[in-house]
Amino acid sequence: MENTTFCCMLVGSAGAGKSSFINTLIKYVNTTKESGQKMKSYIPTAKSQVMGGHTMTREPIKLTDDLIIVDNRGWHDWNNEAALKELSAQIHGNRSFDDDVKWDDDSESATDDESETTLAITDKVDCTALVLNGIGGIDAVENITELIETCRKNTKRPPSIVITHKDAISDEEVKKMIVFLESEQIDQEKIFVVKNVTSKDESLDDNTRSCICDFIGSCRDDGQAGASAHRRRENVEEKREKKKALVEQKEIARIQQELQKTKITEAKARLESETETKKEMDSMKEAALKREIESAERLQDMSEANRKKMNDLSLKNQSDFYEHQKILLKELYEGRLRKY
Ligand SMILES: Nc1nc2c(ncn2[C@@H]2O[C@H](COP(=O)(O)OP(=O)(O)OP(=O)(O)O)[C@@H](O)[C@H]2O)c(=O)[nH]1
Ligand SMILES: [Mg+2]
C-alpha cells in the first residue's frame, strides 16, 4: 500500500532550537484556520541556550495527517564516524524512538539500559532538516559538509535548512550562512530563517507564518520523494535478499547432496568390508574344515595300517603257534617213539 504519511527528522547542535522549532510548527498548525485541528501539546525545550543537550531521545510528533516531525538529541561533532553511522541508522529506521540517542561511540554506557529497551520501531525517515543556530553560525557545527552529505546520501536529497534565532542575528550574518549553504548545493528555497516561539503564549508574526507554511510544503515534497526512494531501496533490498536466499537454498541443496553421496560411499565401503570379512571367515572355516578332514583321513589311514599290522601280527602269532605246536607234537611223537 502507498505510504501517505511522511517523516521529516531534525538534526542539529545542542541548543540550536530544534525542539523550539517543533513548537513553532505546532503553534502554526494549531492557529491555522484551515487545519481545524487543535492537537498538540508543546514539547519541552532548554531553559536557556546551554551547550549541554536538553533532548535525549528522539520524539516523533504527528504534525498533520500526512506529516511526522521527529525531534532529535543535539549533536555538533560530525567529524565523528560513529555519529554519522548513527544518523544513517536513524534514517533507515534501525533505531527505536525509546532509546537514548548515542551519537558517540561510548560503548561502556551503551550497554547500561539495553535490556529495558522496547523493540525497534522501524519507521523510516523520508527527509531531514538541519537546524542551525543563527547565533553560532556555520562554525558551531563541526564538519557540516559531511553531515549534509550523510543526509543527502541516505534520503537521496539534501536536507532542508532551518536557521533559528532570526530575532538575534543580523541580515549580514544570515547572508553569510546562505552563501556557504549554496556552496554545498542547497537551494535557497530550501533554507528557512525563523524566529522560534519561545513561550506558549507567543503568537506567530506573518513572516514566520509564511516561512513555516513554505517549510511544511517543502517537507511534504521531500517526504514524498524520500518515501519513494525508500521504496526503491526496499525493492532493491528485497531482490537482493531473494537472490541471497536462492543462493543459500542452492548451497543447502548442494551440501545435502554431498552428504547423501558421502553416506552412500560409506555404506558401500561398509558393505564391501563386511563382504570381505565374511569371505575371509568362510575361507578360514573352509581351511579349518579341510584340515579336520585331512587329519581324520590320516587317522583313518593310520588305524587301517594298525589294524593290518595287528592282523598280520596275530596271523603270524597264530602260524608261529601252530608251528610251535607242530614242533612240540613232533618232538613228543619222536620222543615217545624212542621211549617205546
Ligand atoms: N531568541 C530565540 N531563542 C530561541 C530560538 N529558538 C530557540 N531558542 C531558545 O534556545 C534555547 C534552546 O532551544 P531548544 O529548542 O531547547 O534547542 P534544542 O535544539 O532542542 O536543544 P537540545 O534539545 O538540547 O538539542 C531555548 O532556551 C530556546 O528558548 C529563537 O529563534 N530565538
Ligand atoms: Mg531539544
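How many bridges join strand β4 to β5, and do the two run parallel or antiparallel?

Modeller: Five bridges join β4, residues 127-133, to β5, and the two strands run parallel. Bear in mind that this is a predicted model. One pair to find on screen is Leu-132, whose bridge partner in β5 is Ile-163. The chain gets from β4 to β5 by way of α4, and this β-α-β crossover is right-handed.

Now look at β5 itself. Five of its five residues are buried, so β5 is largely enclosed by the rest of the structure. The cut-off for buried is 20 or more other C-beta atoms within 10 Å. In a regular strand, side chains alternate between the two faces of the sheet. Here both faces of β5 are covered. On one side sit Ser-160, Val-162 and Thr-164, and on the other Ile-161 and Ile-163.

β5 has another partner in β6. These two strands pair in the parallel sense, over three bridges. Ile-161 stands opposite Ile-191 of β6. With α5, the strands β5 and β6 make a right-handed β-α-β unit.

Leaving out residues up to four places away in sequence, Val-162 touches Phe-21, Ala-129, Val-131, Phe-192 and Val-194. Val-162 also belongs to the largest nonpolar core, which has 43 residues. Val-162 is among the residues with the most contacts inside that core, along with Cys-8, Leu-10, Leu-25, Leu-130 and Val-131. Strand β1, residues 6-12, supplies the largest share of this core, with six residues.

Next, the loops on either side of β5. The loop between α4 (144-155) and β5 (160-164) holds Lys-156. Lys-156 is not a glycine, yet its phi is positive, at about 65°. Lys-156 counts as partly exposed because it has 17 C-beta neighbours inside 10 Å. The loop between α5 (171-183) and β6 (191-193) holds Gln-185. Gln-185 also has a positive phi, about 60°, and is not a glycine either. With 10 C-beta neighbours inside 10 Å, Gln-185 counts as exposed.

One more strand pair deserves a glance. β2 (residues 59-64) and β3 (residues 67-71) pair in the antiparallel sense over five bridges. They form a hairpin, with two residues between them. Within that pair, Ile-61 has Ile-69 of β3 as its bridge partner.

Finally, the whole chain. The chain has six helices and six strands. From the N terminus on, they run β-α-β-β-α-α-β-α-β-α-β-α. Of its 340 residues, 26% count as buried. Among contacts between residues at least 6 apart in sequence, 74% join residues at least 24 apart.

How values were computed. Residues numbered from 1 in each chain as written. Chains lettered and ligands numbered in written order. Predicted model: local features only at pLDDT ≥ 70, side-chain atom pairs only at ≥ 80, totals over all residues. Pairing = 2+ DSSP bridges. Helix = DSSP H or I, 4+ residues; strand = E, 2+ residues; numbered from the N terminus. Core = buried A, V, L, I, M, F, W, Y, C linked by C-beta atoms within 7 Å. Buried ≥ 20, exposed ≤ 12 C-beta atoms within 10 Å, placed from the backbone. Contact = placed C-beta atoms within 7 Å. Right-handed = clockwise from strand over helix to strand, strands pointing away.
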